[in-house]
Each structure stands twice: as structure tokens, then as C-alpha cells.
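Here's a quick walk through one model, going region by region. Have the viewer open and follow along.

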Amino acid sequence: MAAVGVVATLTVAEGKNADFEAAFSELMAAVSANEPGNEFYAVFQCKDNPQQYKVLERYVDQAALDAHGKSDHFRASGPKLAPCMAAAPVIEYLDGI
């Protein structure tokens, strides 16, 4: 089964960058420690818009992505990240080749 990629575009409210980065750092560490089906999970700040971040993700298969979405650490991150957001996330799903 082919790998699955995800690109999530997150827009953070003015003045919330530090809170967002702290909460997302916790999530990245939890994904790394608890998700063997995740091969890459990192966030990057856009150079031309400091309020926009891109999350790049790679999973071994769809089941690994599904497990990520159901994980306790992912669900717990919502209440920490939500107050930081200026807009709904834009999620793009990709098929590995």
C-alpha cells in the first residue's frame, strides 16, 4: 500500500504565534514518540506570511493516518491549538508514488 502525505495550512491569529508553536511542539513530540506509522511530521512557518504555517506529514498508509486522527495526543491538541487559530485549517491529502 502506498504512503499517504498531508499538507495542512494553518493560519494563526496575530499575537498567538508563541502559544501555537509551543502547543504544536508538544504535538510533534507526541507523534514522534507514539506513532510508528508516521514517517515525517513537522511544522514550518511561511517566510512571506508569519501568521501562516504548513504542516508536512507522511504516513506509511491510510491506516496510520487514521490512527493519527484518533490518537489521544492529537485529540488533546485541539483545545490547545484552537484559541491560536485565525481560520479553519486547509488540509490537502496526497497519494505517495
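## The segment after β4

G96 sits in the segment that follows β4. With a relative accessible area of 27%, G96 is partly exposed; here buried means under 20% relative accessible area, exposed over 50%, and partly exposed in between (1.4 Å probe, protein chains only). Leaving aside residues up to four places away in sequence, G96 touches A2 and A3, where a contact means heavy atoms within 4.5 Å. G96 and L81 are 15 residues apart in sequence, and their C-alpha atoms are 28 Å apart in space.

A word on ground rules: this is a predicted model, with pLDDT of at least 70 needed for local features and 80 or more for side-chain atom pairs, while totals for chains, interfaces and linings use all residues. Residues are numbered from 1 along each chain as its sequence is written, and side-chain values use heavy atoms, with hydrogens and water left out. As for the labels, helices (H or I, at least four residues) and strands (E, at least two) are DSSP runs, numbered from the N terminus.

## Y59 in strand β3

Y59 belongs to strand β3, and its relative accessible area of 0% makes it buried. Setting aside residues up to four places away in sequence, Y59 touches A3, V4, V6, E35, G37, N38, E39, Y41, A64, L65 and H68.

The side chain of Y59 also makes a polar contact of 2.5 Å with the side chain of E57. A polar contact is a pair of N or O atoms within 3.5 Å; within protein, one must be able to donate a hydrogen and the other to accept it, and residues adjacent in sequence count only if both atoms are side-chain atoms. P36 is 23 residues from Y59 along the chain, with 9.0 Å between the two C-alpha atoms.

## Helix α2 and its buried face

Which residues of helix α2 are buried? In this helix, residues 62–70, they are A64, L65 and H68. Looking down the axis of α2, these buried residues fall within an arc of 100°, so they line one face of the helix. The arc is that of the directions from the helix axis to the C-beta atoms.

That buried set packs against β1 (4–11), α1 (17–34), β2 (38–45), β3 (52–59), α3 (72–81) and β4 (90–95). At the start of α2, a side-chain oxygen of D61 comes to within 3.3 Å of the backbone nitrogen of A63.

## Where α2 meets α3

Two packed helices are described by the angle between their axes and the distance between the axes. For α2 and α3, the axes come within 5 Å and cross at roughly 45°, which makes α2 oblique to α3. On the α2 side the contact is made by H68, G69 and K70, and on the α3 side by D72, F74 and R75. Sorted by type, the residues of this contact are one nonpolar, two polar and three charged.

Angles under 35 degrees count as roughly parallel, over 145 as roughly antiparallel, 65 to 115 as roughly perpendicular, and the rest as oblique.

## The loop and helix α3

S71 is in the loop between α2 and α3 and is buried, at a relative accessible area of 10%. Its side chain reaches the backbone oxygen of H68 at 2.8 Å, and a 3.2 Å polar contact links the side chains of S71 and H73. H73 lies in helix α3 and is buried too, with 19% relative accessible area. Apart from residues up to four places away in sequence, H73 touches L27, A30, V31, N34 and E35.

The buried residues of α3 are H73, S77 and L81. Down the axis of α3, they fall within an arc of 70°, so they line one face of the helix, and α1 is included in what covers them. The face of α3 turned away from this buried side carries the exposed residues D72, R75 and P79. S77 has 7% relative accessibility, and a polar atom of its side chain lies 2.6 Å from the backbone oxygen of F74. The C-alpha atoms of S77 and L27 are separated by 6.5 Å, though the two residues are 50 apart along the chain.

Methods:
Axes fitted to C-alpha atoms, helices over the stretch in contact; angles between N-to-C directions. Nonpolar A, V, L, I, M, F, W, Y, C, P; charged D, E, K, R; others polar.
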